[in-house]
Amino acid sequence: MTVAIALFTADLRTHDSPVLRGALDAADQVVPLFVLDEGIRAAGFRTPNRAAFLAGCLADLDAALRERGGRLVIRSGDVVREVRRVAEETGAGQVHVAGDVSAFAQHREERLRAALTEMRRELCVHVDAAVVIPPGAMSPAGKDHAAVFTPYFRKWSAVGTRRPLGAPRRVSVPGIDSEPLPEAAGLAGGPPSPDLPRGGETEARRRLKAWLAGPIDRYEDLHDDLASDATSRLSPYLHFGCLSPVEVVHRARQRGGAGAEAFVRQVAWRDFNRQMLADRPDVAREDYRHRNDRWRPDGDDAEAWRAGRTGYPVVDAAMRQLATEGWMHNRGRLITASFLAKTLYVDWRVGARYFLDRLVDGDVANNQLNWQWVAGTGAATRPNVVLNPLLQAKRFDPTGDYVRRWVPELREVEGSAVHRPWLLPDDRRRRLDYPDPIVDLDEGLARFRRGRAA
């Protein structure tokens with residue numbers, strides 16, 4: 001009996017799984033393996049929200065494999081050491097794994113390849129497991145990656161994609177020991193956000209089905225409206241690979257319409273960031289385009305921002321949504337990032353680190369490069385645009401419902417007045433347990449312009 005290993009990483013699903021399908025096609029038996037990688041924990045990436053979500057994903061994947069006659073094998077420690085052990089224990093000749101783009105993932109792949117070559121085993125990397133179009137597949141002539149989204153998206157839209165793969169009917173697993181499935185409490189190392197979504201492919205597919213049944217049609221018109229909450233909320237499931245982006249795009253295009261087109265554009269943006277990081281792994285930490293900024297350090301202003309106590313209600317509402325749900329509306333991400341990196345002129349890395357610590361969908365490519373986009377050090381064509389939180393609130397939360405949902409101190413303030421509580425009558429203002437603005441917007445704008453021009 002021949003054996004192959006399907007090494008799951010950020011592709012925790014059975015539907016449209018090139019890794020699982022590749023292993024099944026290559027051998028009589030397959031070891032569906034997940035390693036609780038000590039390197040991820042040591043790097044500070046196994047945060048409470050993502051760890052709790054991961055535990056749900058692994059339990060759901062194990063259940064799906066058991067329905068097909070298999071099971072998920074869990075090991076802990078260094079991923080290369082554990083893969084070697086499993087290959088030795090089972091005689092596996094191939095290891096199948098999804099391609100990934102972070103420096104950590106690229107280094108992991110290099111180490112796996114070297115170790116398996118030494119063992120005379122084969123590493124099979126599936127570059128299309130986590131993206132619609134693999135990085136490097138359509139780089140501009142003479143360049144390693146695309147740096148402008150609009151022409152990238154035109155080309156991305158024109159390129160044909162593979163058809164989604166069905167889930168396997170049966171998975172035969174050889175006899176091999178496994179650690180127990182991790183429990184959320186033990187894996188997280190701390191309390192997760194109270195309203196964290198449930199992890200796993202089952203929940204992901206339920207949400208995708210509901211999204212495609214109607215709400216996607218309103219996406220073009222309502223995706224920026226904070227109070228409507230009219231986005232898909234599928235990002236955590238794409239991050240952990242509970243959903244295949246290929247299948248998501250395929251099914252959205254089948255639905256059709258302006259809403260589906262706008263939604264697919266956002267999936268393309270995800271690929272855009274990943275192909276940039278694949279070529280420039282350093283931009284997870286370094287400016288993609290240096291602006292000679294003289295950033296202010298982390299301090300009291302950044303702490304007020306983290307706590308949702310800046311005195312600007314739309315900023316504070318978004319930060320409190322993050323604390324409660326481990327997720328934030330995309331428009332809120334833009335507003336809060338601009339406020340920290342430009343209005344407060346605090347290094348974008350401070351905000352990016354906090355988002356990575358809290359977001360259940362915290363993804364190195366999307367998080368770091370979106371922060372750089374807003375900060376003006378990334379691929380933005382207008383790097384010095386500053387999002388005024390009052391104008392953003394007027395446009396995207398005109399009645400103040402989003403603020404009242406997340407800032408209970410202001411729940412009794414009617415209508416759009418909630419966005420400027422400092423203008424309330426003095427006696428009413430004093431009764432609110434809500435801070436004054438920590439910065440004058442005009443002064444913040446002037447400071448940013450001085451710092452960037454220097």
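The buried residues of helix α16 pack against α3 (48–67), α13 (300–307), α14 (313–325), α15 (330–343) and α17 (364–375), where contact means heavy atoms within 4.5 Å. Within α16 itself, which spans residues 348–358, the buried positions are Trp-348, Val-350, Gly-351, Ala-352, Tyr-354, Phe-355 and Leu-356; buried stands for under 20% relative accessible area, exposed for over 50% and partly exposed for what lies in between, with a 1.4 Å probe and protein chains only. Helices (H or I, at least four residues) are DSSP runs numbered from the N terminus. The model is predicted, so to speak of local features a pLDDT of at least 70 is needed and side-chain atom pairs count only at pLDDT 80 or more, whereas totals for chains, interfaces and linings use all residues. Numbering starts from 1 along each chain as its sequence is written, and side-chain values use heavy atoms, with hydrogens and water left out.

Beyond its neighbours within four places in sequence, Phe-34 contacts Phe-8, Thr-9, Leu-12, Leu-54, Leu-58, Leu-72, Val-73, Ile-74 and Arg-75.

Two helix pairs round out the picture. Helices α6 (residues 149–158) and α12 (residues 258–279) pack at about 110°, their axes 10 Å apart; axes are lines fitted to C-alpha atoms over the stretch in contact, and angles run from 0 to 180 degrees between N-to-C directions. The pair is therefore roughly perpendicular, a label for 65 to 115 degrees, with under 35 counted as roughly parallel, over 145 as roughly antiparallel and the rest as oblique. From α6, Phe-149, Thr-150, Tyr-152, Phe-153 and Trp-156 meet Val-264, Arg-265, Ala-268, Trp-269, Asp-271, Phe-272 and Gln-275 of α12.

Helices α8 (residues 201–212) and α11 (residues 245–255) have axes that come within 11 Å and cross at roughly 20°, so these two are roughly parallel. Their contact joins Arg-205, Leu-208, Lys-209 and Leu-212 of α8 to Glu-247, Val-248, Arg-251, Ala-252 and Arg-255 of α11.
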